[in-house]
Amino acid sequence: MKVVVDMERCQDHGQCVFSAPEVFQINAAGRLEYVADPDDALREAVEDAADVCPLQAITIED
Amino acid sequence: MPTSSQTAPGVVVVGASMGGLRAAEQLRAAGWSGPVTVVGDEPHMPYNRPPLSKEVLASDVTHPAVAFRARASTADVAWRLGTPVASADLAARTVTLADDTQLPYTGLVVATGIRPRRLPCPGPVAGRHVVRTLDDAQNLRAALRPGSRVVVVGAGFIGCEVAATARGLGAEVAVVAPEAEPMTRPLGAELGAALRRRHEARGVVFHLGRTVGHFSGIDAVTGLVLDDGTALPADLVVEAVGSTPNTAWLDGNGLDLSDGVLCDALLRVEGRPDVVAVGDVARFPNARYDDVPRRVEHWSIPTDTAKRAARTLAAHLAGEAVDGEPFAPLPAFWSDQYAERLQSFGAPGLGVDDIRLLEGDFDADCVVGYHAEGRLVGVVALGGGAAATAARYRGALV
């Protein structure tokens, strides 16, 4: 599974972190970091993360 | 084997905004592979509404920039857009559209959302705006100019966001509201006062404790007169005075439609196995707090309700037992006004009588805790890094 976050859109709301903490985290500087190629077992969690992003900045590209 | 036309007609989703889209996606995720038809009154595919009071007013934003990306699993969903619903017969399992089309269903998702309440005051209609749809926001943007005299009626989130955006565009902005402070109901008076002071520092003028008596002007609004006789000149008025659930199409089915559609803890409409509701039209109990059904107009609710409602409906349609996990979402909302973020987790509105400053200062960055019977039920952070700050308290609310 390939995950892309549009970092131009991202405003560091951090909602994705609650849905898929294995994939998304907010670093010490308050900015989003993420795993671009997470295990497919995390698909539902990443889909949830994409749903709850207020900026709709997360895309799952298979 | 029966052909598909002889079997169940499938699921009809009434409402093609975020809740309708998420319902279609979650029905697929829950295993429903039969037909899904989504009906909506707006001409647009589902789009994200939070930018309407901010980016869409401030710059030329068109539908593609705010449209939701639908999951691939919904590629075979049928969309009937620009077609309002007229009525439903829950006993006969049919939905009738405004163009007289009848859609039979085996499962129905109620996702018709809300519409802005309008002021009943006398006076001209032209020049009075609301901000609910993309078309509304684009119309308001077209009318907004630097130096425009804008009166926002209502000091909730939409009113305050519109005030901030209009001020940022160089408009002269006044806010009229009956409450003593803006955003009192969701946030309480202390934080509301802090937000008012932030607006006032940028030149917004508040007329609080006041209502609108009438609009003045002949063909279009040129001003309004408040209940105390104060006359405010206005080139345009934005009415942000709350909302009304869209439920008239369900009249005649014996439902309690006194405030949206009454649902059980699995989002079935008054226990009906084949009718569920999602989004801000749904009035549901949140097992996290109590058994009082409430409507919740947060951005997170369409997604949360769709996931629970789709599992409920898909199990019924498959002839399986419905899992009984009560719906218990952790509410979350945010607001952006000027360059400041407000982030909330939990249900601060349930704890406005016991507000405690947890960090900082009301007039700087701060974190505010809301308590009910001594228990922390909501946290709101305001200022730089508010999202990350509020997130530190989220665990205490789960």
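Predicted model: local features only at pLDDT ≥ 70, side-chain atom pairs only at ≥ 80, totals over all residues.

1. Residues are numbered from 1 along each chain as its sequence is written, chains are lettered from A and ligands numbered from 1 in the order in which they are written, and side-chain values use heavy atoms, with hydrogens and water left out.

2. Chain B is divided into domain 1 (11-115 + 244-317), domain 2 (118-241) and domain 3 (339-394); the bounds come from an automatic or database domain assignment. The centres of domain 1 and domain 2 of chain B, taken over C-alpha atoms, are separated by 30 Å. Their contact (heavy atoms within 4.5 Å) takes 18 residues from domain 1 of chain B and 13 residues from domain 2 of chain B.

3. Between them, domain 1 and domain 2 of chain B bury about 1,400 Å², 58% of it on carbon and sulfur atoms. Buried area is the accessible area (1.4 Å probe) that two parts lose on being put together, summed over both.

4. Three salt bridges cross this interface of domain 1 and domain 2 of chain B, a salt bridge being a side-chain nitrogen of Lys or Arg within 4 Å of a carboxyl oxygen of Asp or Glu. Lys54(B) forms a salt bridge with Glu161(B), with the closest N and O atoms 2.8 Å apart.

5. An open sheet of three strands in chain B has the order 13-14-15, with antiparallel pairing. Strands (E, at least two residues) are DSSP runs, numbered from the N terminus, and two of them pair if DSSP finds at least two bridges between them.

Definitions and conventions. Helix = DSSP H or I, 4+ residues; strand = E, 2+ residues; numbered from the N terminus.
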